[in-house]
Amino acid sequence: MTSGGTTDAAAKSPASELVEDGRAKVNLTLRVVGRRVDGYHDLESVVAFADCADRLSLIPGAELQLATTGPLAEACGEVTDNLVLKASRLLGERVPGLKTGVFRLHKVLPVAAGIGGGSADAAAALRLLARANGLAIDDARLIEVARLTGADVPVCLASHACVMTGVGESLMPLDLPKLPCVLVNPRVAVATKDVFAALGLRSGELLVGVTDVLQAMVWPEAGASLEDWVEAFAASSNDLEAPAMRIQPVIGEVISALNATDGAWLARMSGSGATCFAIYENTVEAGRAAEKIRRDHPQWWVHAGTLS
């Protein structure tokens, strides 16, 4: 198994190569309902996907391998620990004679960033293996492996806007409009487990009352305007934002920088951080905002685009 910079040979796409994008996942809202007795946290989150993505390819072969390239390849750490390989091995335990091969991961999304980069890569690997082995995307073994690989992998497998509940296993598709946005990461890693620890819930403890649990958020119906959706998002929150800020105060600086741009309708942290987002009326305003943040904070990772 290897990792390193892009080579001319790696840049070429053999005819047998299969390719999938691992799109960044953004939690537009994130409510922590409580902590279960098994230690896992029950969540309710509106999830959308960005138009920035890692790219994963598979050249079918006899031996399972992974090579990483791209500007953030080194941030992936040890290749043997990568979720792409974990998901592949778990699927191989469940599908006799599973065809694998050489994965090539072009890494552009920041890691430990609250946008599910590793989960998106693992989900892309499962989609590639499904294609290579003639498996349906809703094959029960594929779904099981997604859940075992990580809490965000099932939602990334579908890569469709939805309401995600439980520990990530329950998904209700949503029909979102295109949301012009800017994503910003201050290039600091935040471990999800540390943020949940800072939240401080004991096993079996609810963060919200029973009435709140029974009265889940009602989201706009299909065809609702961008304004309607942003108003609904603004009425909710990300319960992990405050504990994440205690671990990395720079998150507050990122949100302030986004709020200071012209036309920012809503600025918030995604997931367990440290990536934050802002929603704008149109992509022109989002692009201008991104340029301002790049000028003011050239060390930060910034992406302007859309969520859907």
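Modeller: Let's start with Ser-159, which counts as buried because its relative accessible area is 16%, and the cut-off for buried is under 20%. Keep in mind that this is a predicted model. Ser-159 sits in the loop between α5 (153–158) and β6 (162–166), and its phi is positive, near 50 degrees, although the residue isn't a glycine. Most residues other than glycine have a negative phi, and most peptide bonds are trans. Another residue with a positive phi is Arg-187, near 60 degrees and again not a glycine. You'll find Arg-187 in the loop between β8 (179–185) and α6 (192–199). Then there's a cis peptide bond, joining Gly-273 to Ala-274 with omega at about 10 degrees. Ala-274 belongs to the loop between β9 (266–269) and β10 (276–279).

On to the charged pairs: the whole structure has 16 salt bridges. Take Asp-21 and Arg-55, whose closest N and O atoms are 2.9 Å apart. That pair ties together distant parts of the chain, with Asp-21 in strand β1 (residues 18–27) and Arg-55 in strand β3 (residues 41–61), 34 residues apart. Asp-21 is partly exposed at 32% relative accessibility, and Arg-55 is partly exposed too, at 46%.

Strand β1 also holds Lys-25, which pairs with Asp-152 in the loop between α4 (140–149) and α5; these two partners are 127 residues apart and again link distant parts of the chain. Lys-25 is buried, with a relative accessible area of 2%.

For a local pair, look at helix α11 (residues 283–296): Glu-291 and Arg-294 both lie there, three residues apart, or about one turn of the helix. Their side chains meet in a salt bridge at 2.7 Å, N to O. Glu-291 is partly exposed at 40%, as is Arg-294 with 33%. There's a network as well, in which salt bridges link Glu-20, Arg-127 and Arg-131.

As for confidence, the mean pLDDT of the protein is 92, and 92% of its residues reach 70 or more. The stretch to treat separately is residues 1–12, where pLDDT stays under 50; the model gives that stretch 21 contacts beyond four places in sequence.

Notes
Residues are numbered from 1 along each chain as its sequence is written. This is a predicted model: local features need pLDDT of at least 70, side-chain atom pairs count only at pLDDT 80 or more; totals for chains, interfaces and linings use all residues. Side-chain values use heavy atoms; hydrogens and water are left out. Helices (H or I, at least four residues) and strands (E, at least two) are DSSP runs, numbered from the N terminus. Buried means under 20% relative accessible area, exposed over 50%, partly exposed in between (1.4 Å probe, protein chains only). pLDDT is the predictor's confidence in each residue, from 0 to 100. Contact means heavy atoms within 4.5 Å. A salt bridge is a side-chain nitrogen of Lys or Arg within 4 Å of a carboxyl oxygen of Asp or Glu.
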